[in-house]
Amino acid sequence: MSLTVSPQLIDDARCDAVSDESFVECVRTSLPYAYELIARLTAEFRGGDQPFTDNQVPPPDEAARGQLLRALSSNAIRGAFERHFDITLAFQNCHRVAVFGAHAEATAEYAEFVSLRGQVLNQRPEFVNC
């Protein structure tokens with residue numbers, strides 16, 4: 001699954017002038033499930049007082065799962081999301097993405113979420129083929 005990139009964005013890239021805003025808009029329209037999930041988690045995080053908010057619900061179908069995997073496996077997309085929403089993302093499996101506050105890498109909660117222990121404890125038989 002690739003991004004649907006406009007001719008203008010390609011021209012901007014050739015001139016080294018791609019803005020975060022235009023790139024995030026491209027991602028939003030190309031990977032709407034991934035964008036909406038991150039936006040929803042960000043809103044939940046901002047509306048609460050917890051150290052992070054995470055998604056526990058598998059994507060509704062393989063296309064949505066593909067969008068999420070594409071978005072979170074791309075350093076450019078992930079970084080653009082983090083800057084756009086002013087958050088830190090962490091990802092454990094086919095759907096468990098977490099939103100932390102910006103620069104949360106130094107927190108105990110983030111360290112636990114991305115730890116080997118956290119990864120192992122998050123495993124379930126139904127995730128084997130996700």
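Is C15 buried or exposed? Select C15 and see: C15 counts as exposed, because its relative accessibility is 61% (exposed is over 50% relative accessible area, buried under 20%, partly exposed in between, with a 1.4 Å probe and protein chains only).

Before going on: this is a predicted model, where local features need pLDDT of at least 70 and side-chain atom pairs count only at pLDDT 80 or more, while totals for chains, interfaces and linings use all residues. Residues are numbered from 1 along each chain as its sequence is written, and side-chain values use heavy atoms, with hydrogens and water left out.

**The cysteines.** The closest cysteine sulfur to that of C15 sits in C26, 17 Å off, so a bond is out of reach. Searching the whole structure turns up zero disulfides (pairs of cysteine sulfur atoms within 2.5 Å). C26 itself is buried, at a relative accessible area of 6%.

Next, show strands β1 (52-54), β2 (87-91) and β3 (97-101). Helices (H or I, at least four residues) and strands (E, at least two) are DSSP runs, numbered from the N terminus. The three strands make an open, antiparallel sheet in the order β1-β3-β2, with β1 and β2 as the edge strands. Strands pair if DSSP finds at least two bridges between them; β1 and β3 have three. Pick T53 and you'll find its bridge partner, V99, in β3. Now bring in α3 (32-47): α3 lies across β1, β2 and β3, at about 45 degrees to β3 (axes are lines fitted to C-alpha atoms, for helices over the stretch in contact, and angles run from 0 to 180 degrees between N-to-C directions).

**T88.** Zoom in on T88 in β2. T88 counts as buried because its relative accessibility is 2%. A polar atom of the T88 side chain is 3.4 Å from the backbone nitrogen of A104. Beyond four places in sequence, T88 has contacts (heavy atoms within 4.5 Å) including F100, H103 and Y110.

**The cores.** Finally, select I77, F81 and L89, the residues with the most contacts inside the largest nonpolar core, which has 24 residues. A nonpolar core is a set of buried Ala, Val, Leu, Ile, Met, Phe, Trp, Tyr and Cys residues joined through side-chain atoms within 4.5 Å. α3 gives this core the most, six residues. A second, separate core of six residues includes A90, A98, F100 and Y110.

Technical notes:
A polar contact is a pair of N or O atoms within 3.5 Å; within protein, one must be able to donate a hydrogen and the other to accept it, and residues adjacent in sequence count only if both atoms are side-chain atoms.
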